[in-house]
Amino acid sequence: MDYGMGNRLSRIIKPKDGKTVMLAVDHGYFMGPTGGLENIGKSVTPLLRYADSLMLTRGILRSHIDPKIDIPIVLRASGGTSILKDDLSDEDIAVSMEDAVRLNVSAVALSIFIGSKNEKQGIINLSKLVDKGYKYGIPVLAVTAVGREMTRDARYLSLSVRIAAETGASIVKTYYCEDFEKVVETCPVPVVVAGGKKTSEAEAIKLAYDAVKHGASGVDMGRNIFQSEKPINMIKAVKAVVHKGISPEEAYNSIYNI
Ligand code: R5P
């Protein structure tokens, strides 16, 4: 692997254990002022010292993140739709690789929507972004977005992550499901798991624990951290589960100092 790409990937997935806790705050690219991110500076800055990387848009990176903070950036590079549309799959590449280089990011991220009417567009956009990324040594994280009509089962998610990897993604983000090890086993690149909609702290911690136990390289978690009543304790708990393998019960208790 090219040195630059390998170096950037190792900033995201920590070589000491092959795991990562990515903090995802890119929701605004199609959801606008998402709950918990209305004032990103206030809510996200205190979490940065605990995250292994930060996934966000270039607008928020430029406006709210101090360049002196040492945190690897995963830049959301797809866009073009909003939650006002029924079909969210109509995305395109929305950031140039030159701007990603200017921002010194460690990876760029793009969503694909396997099974949607814009399936081909997403895959070809991923392919184009991978080509551009290779030019500069910037890895691409593919987000396997799941439409409302799709079933989040191992069969569908294996299909999505494998297509993402075959198209050239260096990391694939997907959802946790039953028989998750089948999803990981058939994917030749590291798989990270999204947190999804806000659930209880106990459920989100269990999700992170189960995902890693069944082969995930970590999590790319947003709402279950920044919408938690105790976001700092929550990210610390998730980190302990992912990097230290502590039990979900112990991690949950640590949030409330039980
Ligand atoms: C979608 O808006 C983004 O790709 C998020 O980064 C992703 O869904 C992870 O965030 P959450 O844990 O809130 O699902």
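Student: Why does aspartate 179 count as partly exposed?

Tutor: Its relative accessibility is 35%. Buried requires under 20%, and exposed requires over 50%. The value for aspartate 179 falls in between, so the residue counts as partly exposed. Keep in mind that this is a predicted model.

Student: Where is aspartate 179 found?

Tutor: Aspartate 179 sits in the loop between β8 (171–174) and α8. Its phi is near 60 degrees, a positive value in a residue other than glycine.

Student: Which value describes phi of asparagine 104?

Tutor: Phi of asparagine 104 is near 55 degrees, again positive in a residue other than glycine. This residue lies in the loop between α5 (97–102) and β6 (107–112).

Student: Why is asparagine 104 called exposed?

Tutor: The relative accessible area of asparagine 104 is 57%. The exposed class begins over 50%. Asparagine 104 therefore belongs to it.

Student: What makes lysine 16 exposed?

Tutor: Lysine 16 has a relative accessible area of 72%. That is over 50%, so the residue is exposed. Lysine 16 lies in the loop between α1 (3–12) and β1.

Student: How far apart are the C-alpha atoms of lysine 16 and histidine 243?

Tutor: They are separated by 9.5 Å. Along the chain, the two residues are 227 apart. Histidine 243 is one of the buried residues of α11.

Student: Now the other class. Why is leucine 23 called buried?

Tutor: Its relative accessible area is 0%. Buried means under 20%, so leucine 23 qualifies. Its place is in strand β1.

Student: What does leucine 23 touch, beyond residues up to four places away in sequence?

Tutor: The list includes Val44, Leu47, Leu54, Asp220, Ile225 and Ile235. Take aspartate 220: it is 197 residues from leucine 23 along the chain, yet the C-alpha atoms are separated by 5.8 Å. Ile235 is among the buried residues of α11.

Student: And glycine 41, why is that one buried?

Tutor: The relative accessible area of glycine 41 is 19%. The cut-off is under 20%. Glycine 41 is in helix α3 (residues 40–44). Leaving aside neighbours within four places in sequence, it is in contact with Pro46 and His64. Glycine 41 and serine 63 are 22 residues apart in sequence and 8.8 Å apart in space, C-alpha to C-alpha.

Student: How do you know that the length of helix α9 agrees with its residue count?

Tutor: Helix α9 covers residues 201–213, which is 13 residues. At 1.5 Å a residue, it should span 18 Å. Its end C-alpha atoms are 18 Å apart, so the two values agree.

Student: What covers the buried residues of α9?

Tutor: The cover includes α8 (180–185), β9 (191–194), β10 (218–221), α10 (223–226), α11 (231–244) and α12 (248–255). Among the buried residues of α9 are Ile205, Leu207 and Val212, along with Glu201 and Asp210. After α9 comes glycine 215, with a positive phi near 110 degrees.

Student: How does the span of α11 compare with the expected 20 Å?

Tutor: From first C-alpha to last, α11 reaches 19 Å, close to the 20 Å expected. The helix has 14 residues. Its buried residues pack against β1 (20–24), α9, β10, α10 and α12. They include Met234, Ile235 and Val238. Glycine 245 follows α11, and its phi is positive, near 65 degrees.

Student: How do you know that the chain's radius of gyration agrees with a compact globule?

Tutor: The chain has 258 residues, and a compact globule of that length would have a radius near 18 Å. The protein chain has 17 Å, which agrees. Its C-alpha trace spans about 50 × 40 × 40 Å along the principal axes.

Student: Which totals describe the chain overall?

Tutor: Its secondary structure comes to 12 helices and 10 strands. Buried residues make up 55% of the 258. Among contacts between residues at least 6 apart in sequence, 67% join residues at least 24 apart. The chain exposes about 11,800 Å², with 51% supplied by carbon and sulfur atoms.

Definitions and conventions
Residues numbered from 1 in each chain as written. Predicted model: local features only at pLDDT ≥ 70, side-chain atom pairs only at ≥ 80, totals over all residues. Heavy atoms only, no water. Helix = DSSP H or I, 4+ residues; strand = E, 2+ residues; numbered from the N terminus. Rg over C-alpha atoms; globule rule 2.2 N^0.38 Å. Buried < 20%, exposed > 50% of the residue type's maximum accessible area, 1.4 Å probe, protein only. Contact = heavy atoms within 4.5 Å. Areas by Shrake-Rupley, 256 points an atom, 1.4 Å probe, with all protein chains shown as cover. Expected span 1.5 Å × (residues − 1).
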